[in-house]
Amino acid sequence: MSILDRPSSSGISGGGVSRRQAWGLFWLLVAALVAWLVFAVWPDWLNAILISKKAFVSAILNGITLAGLYFLVASGFTLIFGLMRNVNLAHGSLYLLGAYIGYEVASRTGYWLLGVAAGFIVLAAIGVVMQVVVFRRLEGDDLRQTLVSIGISIVAADLMLAVWAGGTYQIAVPEWLDGAVTLPVITAVRSNGASVFLTYPFYRIAVLAAAIVIGIGLWLMLNKTRVGMMIRAGVDDRAMLSASGVNVHAVFAIVFAVGAGLAGFAGVVGGSALSVAPGEDIRYLLASLVVVIVGGMGSISGAAIGALLIGLAEQLGLVYFPTYGVVLTFIIMVVTLAIRPQGIMGKSR
Amino acid sequence: MKMHRRTLLALALASGLTAPSLALAADDTIKIGLLATFEGPFTVLGEDSERGAMTAVEEVAGTVAGKKIEIVKGSSDASPDSAVRAARKLVEQDGVKVLIGPLSGDEGLAVKDYAKTQPTVTFLNGASAAQDTTFRDPAPNFFRFGTDGAQWMAGLGTYAFKDKGYKNVATVAEDYSFPYTQVFGFMAEFCKAGGHVPSKSWVPIGNKDFSSVIAAIPENVDAIYVALGGADAVNFLTQYQQSGGAAPLIGGSITVDQTVLTAKGKLRDVLVGTPSAGPTADTNDTPSWTKFVEAYKKQPGAFPSPSLFAHAYYINMKAALLGLDKVGGDVSDGGAKLRETLSSLSFETPTGKVSLDKNRNAIADIFLTEVTENEDGTLLNKLIKVVPQVNQTLGIAEADFTALGAVSRDNPSCP
């Protein structure tokens, strides 16, 4: 491929810049612009257009941390779809249930980390049960699986409403993660010459870090381990994998456990950053649907890119055109579907 | 023989179909529809509304004019279409002739329009408090015995400017008709007193992440006026506390309501001392209020003090029952007599006298309050002052008030 490519590309470019170099230059310029926007002290005209530097930089940071949260939820969703062709529309319920369980455990034991662990483990177990008891029976019947998962989500929503009622819960963030940190970003200069630095909640930075670590972990698992190899093989050709002697059901169960567990984990983490209330299940289901449609069904890196786009769009929309901010998310989805129906990182089949 | 059998079958079917409607026409029960948000972001509010409505029903021991009251519940999720759907179900399938609800602002506007298509059904508002539900283009069979969101703000703007000394206030509110009405009510007084509102943030209902909105609030304001409800208020307040928010708050009526004050978390740190105004005050010590609180507390899951939703549904249910009692429970004339009775109805409520204006909107007392911490750690709205008998035009002559224009994102404005 590369040998064939080389002469042709150099032939086209001639003395000028190649397409690849042009893109490189473009991204370099974008990166420089972002760096300037973040680190420079803004002139007045820019403040006038973008409200204030504080608002702009905070919106960017919030968009990225929200993306981290969306990624945690959507990565499980996309993994399950990629392997099993199962659009699990109960994924949002797993998020909400994880959040409630995390709240109960964290508030009873007083250890937040225990709540996070419980959210992951309990939901992973529930995921396995769902796979074995429900979805295995409907294997290969995509439509029925999808409908059953809708049914599960409705029943689960009402059961959770019965147990935890309609109140808003806030999972208390532990002391060591609480509070704000000062970032080396100057938002304004006071008249006496003193610089005002941007402060940002430490917890949100921790959420972002956790999302990045988990993203890398997932990538390593998929690309460097035997299980990951089997999963990837399953994504490409399930029948062939099964024929070569691998117990696909075990692989399915593992994927479902990881996917559901991540949703539960995200529930606890997200419930501490924002809050837990009925209706969150639908919200996160919708978010992860949009994220995987934009990023490409079945692709982890696609989920990361999709989450970043949607998170930034939501937060920037909220600050600069709140009334139509919601539309922005869907515009991104529509444009993606029009230009690249398989999603940004998706493979066309 | 075969024909005969078929006829029998048809007869059996026909009787099966008519039987339910026969049961509906039974003379000894009267059906009242109760429409509230039992799902979605305002679930807690809807649940408390039901407690309020049931308090009124239990006061009359479940009977009115010798007939048993049957409550049929309808659920919406705070969106106008869901409210209309639930109202249609109650009216067209369950056949209720009296409907109490809905709860939220935009829902009220939608149900009012639906009411126009059902002239034989009597609609009493629940807690929805958008101005134009009754002020512009009202429906002749839609009554609001609770007051609207602008009325609820009576006294607050002046108090914030004169007593608290706030000159510049930013507002953060949800992007629909009820918060527009609340901001309108606050600013009508605040701007007139000489205050300025340099920045207004409108956020979509059900928004979770407010930190970007908080960052966009100008730093030189004296206070932030917050009109958010339910989960939205909890999220905003928690994140405001996390971001180290220093500016004091001024609360919209439902922002410092029991539905928010009872939420778990650290938000209470920023709430104590927040002035607000609304149709109720937790520390009101008049005997009629304390009696109401006692009756309310018998409801399962009740808050330490009834929320304004419980109060509004109580008042409207109470009005419906008083009206039904006066007409002997007779709505066979398409409810014409009942509506005539309701139009001139004036009665003593736990929060003072209520009567209706020509648009069938309530004139009632409004309470100026401040959030305080009780000895047992619960948060309460302490009564500061009662503003007596506030009407929908806030004491301004109607022509002048209409000239102010309809409430919206940009009206009023005093940057």
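## Overall form of chain A

Residues 24 or more positions apart account for 74% of those contacts in chain A that have a separation of 6 or more. This is a predicted model, and in it chain A is built from 14 helices and two strands. The radius of gyration of chain A is 22 Å, close to the 20 Å given by the globule rule for 349 residues, so chain A is as compact as a globular protein of that length.

Taken along the principal axes, the box filled by the C-alpha atoms of chain A is roughly 65 × 65 × 35 Å. Of the 349 residues in chain A, 45% are buried.

## The side of chain A that touches chain B

Between the two chains, 29 residues of chain A are in contact with 30 residues of chain B. Four elements of chain A each supply at least two residues to this side, namely helix H4 (53-84), strand E2 (195-201), helix H13 (300-320) and helix H14 (325-339). The most is given by H4(A), which contributes six residues. By class, the side of chain A that touches chain B holds 15 nonpolar residues and 13 polar ones, together with one charged residue.

## Packing of H12 and H13 in chain A

Two packed helices are described by the angle between their axes and the distance between the axes. For helix H12 (residues 280-295) of chain A and H13(A), the axes come within 7 Å and cross at roughly 120°, and the crossing in which H12(A) passes H13(A) is right-handed.

On the H12(A) side, the residues that meet H13(A) are A:Ala287, A:Val290, A:Val291, A:Val292, A:Val294 and A:Gly295. Their counterparts in H13(A) are A:Gly302, A:Ala303, A:Ile305, A:Gly306, A:Ala307, A:Leu309 and A:Ile310. Divided by class, the residues of this contact comprise 10 nonpolar and three polar, with no charged residue.

## The four-stranded sheet of chain B

Chain B contains an open sheet of four strands in the order E8-E7-E9-E10, with parallel pairing. Strand E8 (200-203) and strand E10 (249-251) of chain B are the edge strands, each of them pairing on one side only. On average, and with direction ignored, neighbouring strands of this sheet are turned by 20° against each other.

Within the sheet, E7(B) and strand E9 (residues 223-227) of chain B run parallel and are joined by five bridges; in E9(B), B:Ala227 is the bridge partner of B:Ala173. Helix H7 (residues 177-193) of chain B packs on the sheet, where it touches E7 and E9 of chain B, and the direction of this helix makes about 160° with that of E7(B).

## The setting of B:Ala173

B:Ala173 lies in strand E7 (residues 169-174) of chain B, and it counts as buried because it has 25 C-beta neighbours inside 10 Å. When residues up to four places away in sequence are not counted, B:Ala173 touches B:Pro179, B:Gln182, B:Val183, B:Trp202, B:Ala227, B:Leu228 and B:Gly252. B:Phe184 is 11 residues from B:Ala173 in sequence, and the two are 11 Å apart in space, C-alpha to C-alpha.

## Pairings of strand E3 in chain B

Strand E1 (residues 29-36) and strand E3 (residues 67-75) of chain B run parallel and are joined by eight bridges, with B:Ser75 in E3(B) as the bridge partner of B:Ala36. By contrast, strand E2 (residues 63-64) of chain B runs antiparallel to E3(B), to which two bridges join it, and B:Thr63 stands opposite B:Lys68 in E3(B). The hairpin of E2(B) and E3(B) has two residues between the strands, and in it B:Ala65 takes a positive phi near 50°.

Conventions. Residues numbered from 1 in each chain as written. Chains lettered and ligands numbered in written order. Predicted model: local features only at pLDDT ≥ 70, side-chain atom pairs only at ≥ 80, totals over all residues. Contact = placed C-beta atoms within 7 Å. Nonpolar A, V, L, I, M, F, W, Y, C, P; charged D, E, K, R; others polar. Axes fitted to C-alpha atoms, helices over the stretch in contact; angles between N-to-C directions. Left-handed = near helix turned anticlockwise from the far one by under 90°. Buried ≥ 20, exposed ≤ 12 C-beta atoms within 10 Å, placed from the backbone. Pairing = 2+ DSSP bridges. Rg over C-alpha atoms; globule rule 2.2 N^0.38 Å.
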